[in-house]
Amino acid sequence: MTATSRVDSEMGPSSKHEERKVLAGTLVGTTIEWYDFFIFAQLTGTLLSPLFLTPLQASNPGLAQILSFALIGISFLFRPLGAIVAGHLGDRLGRKAMLVFTLIMMGAATALIGMLPTYAQIGFWAPVLLILLRIIQGFSAGGEWGGAALMAVEHAPKSKRGLFGAYPQIGVPIGMILATGLLFVLNSNMSKEDFASWGWRVPFLLSIVLIVVGYLIRRAVAESPVFKEMAARKEESKAPLGVLIRNHKLPVLYSTMIFIGNNAAGYLLIAFFISYATRALKMPVPEILLATTLASFGWLVFTLVGGWLSDKIGRVKTFLTGYAIVFVWMIPMFALIDTKNIMLYGVALFVLTIGLGLSYGPMSAMYAEMFPANVRYSGISIGYAFGAILGGAFAATIAETLLQSTGWTGSIGIYIMILCVISSIGVLLAKETKGRPLGISHH
């Protein structure tokens, strides 16, 4: 059997053991990366503003909150650079090497945030150093997703690409569960004073342990069979980024559009809701964190369902179903949240995760099927990175600005609904990709 026929056959990887290693490697790595990212996002909404923007917090708390949310967005601006560098090297040197590199970089930046002096200790340099570490996190995240997605999809049997590709995707809700769950435990067992003084550093520092585990697992994963095929036949592009820009502009545009709505809605769940519920609605922090953790289990389950369903009915129908749910749910969701009832708050978030999962699970498979092998890492990474900038980067900042200017949470819902329409158009323009060959001889 040739390398190409093996890649595109129904048999997939050479053994079930190898399948398990691949899925574990992609899942563990993305879980750790997004745990790191979410710890920062959630603490931004509740604590980091008074610690690192102290003078502004004292004089203008509303503006300080907007700027602290902007710290989330700053890292997104450097995702395309990470996507370009990791994508280019991943298409030339291999998927596996980039996965290990991005994992270590993200972990180091996260641990250093946990060691940063605050504004009260070093003044102006505290936010400067924080921004620098956020830039490193953004660079790392830009290269992480593409490698994990391709390792999963390129190892998958053709009939299970959606399901396999959902494994790196569920690293997002699992990272959310770990981050939010840990913050819930700390907030429930520490005084507010102790948590604000030193307890907030614990989740960042624990990243060191997770990185060691992830590194060991990822080192054991075999290189993607598609990349092995390129290396064996020496047909990999000498300049994959240049080829991508010249010949594959439309798939990059469509993949950018497809991700915008999901990422923006996801970052409301990740960052904005916790801040809004605790600051504006005065709901208890531990209860909000617990509700968010439980809702994240829905995100996990429905992301897997989304990947599996896309193997059955196609990527396009699954995406459109997910976006339709997010669109329809936006206004009712905010109405439930504004009741200040913790049970209704939990229901509001859980229903949102149904649409989030169905519009996220098929993404790895669809993106991989949109690009030829020699530019695939670059293509999906750059599309994903630009989609994140236009979607989630400043979603919390825009939501807070809309709330302060209109006083109506429904305005945030309308903003997300518009993005869902844009993403649905991107899905329709990309057309169905299910079952397209991934081997290089087909391009």
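# A tour of the buried salt bridges and beyond

Start by selecting Arg315 and Asp311, whose side chains meet in a salt bridge (2.9 Å, N to O). Here a salt bridge is a side-chain nitrogen of Lys or Arg within 4 Å of a carboxyl oxygen of Asp or Glu. Before going on, note that this is a predicted model, in which local features need pLDDT of at least 70 and side-chain atom pairs count only at pLDDT 80 or more, while totals for chains, interfaces and linings use all residues. Residues are numbered from 1 along each chain as its sequence is written, and side-chain values use heavy atoms, with hydrogens and water left out.

Are Arg315 and Asp311 buried or exposed? Arg315 is buried at a relative accessible area of 0%, and Asp311 is buried at 11%.

Now zoom in on Glu369 and Arg161, where the closest N and O atoms of the salt bridge are 3.1 Å apart. This pair links distant parts of the chain, with Glu369 in helix α20 and Arg161 in helix α10 (residues 161-189), 208 residues apart. Helices are DSSP runs (H or I, at least four residues), numbered from the N terminus.

Next, select Glu154 and Arg376, a salt bridge with its closest N and O atoms 2.9 Å apart. Glu154 sits in helix α9 (residues 125-155) and Arg376 in helix α21, so the pair ties together parts that are 222 residues apart in sequence. Glu154 is buried at 2% relative accessibility, and Arg376 is buried at 0%.

Helix α13 (residues 207-219) gives the largest share of the patch, 3 residues. Val212, in helix α13, is partly exposed at 48%.

Last stop: Lys431, in the segment after α23 (410-430). Its phi is near 70°, a positive value in a residue other than glycine. Lys431 is exposed, with a relative accessible area of 57%.

Methods:
Helix = DSSP H or I, 4+ residues; strand = E, 2+ residues; numbered from the N terminus. Buried < 20%, exposed > 50% of the residue type's maximum accessible area, 1.4 Å probe, protein only.
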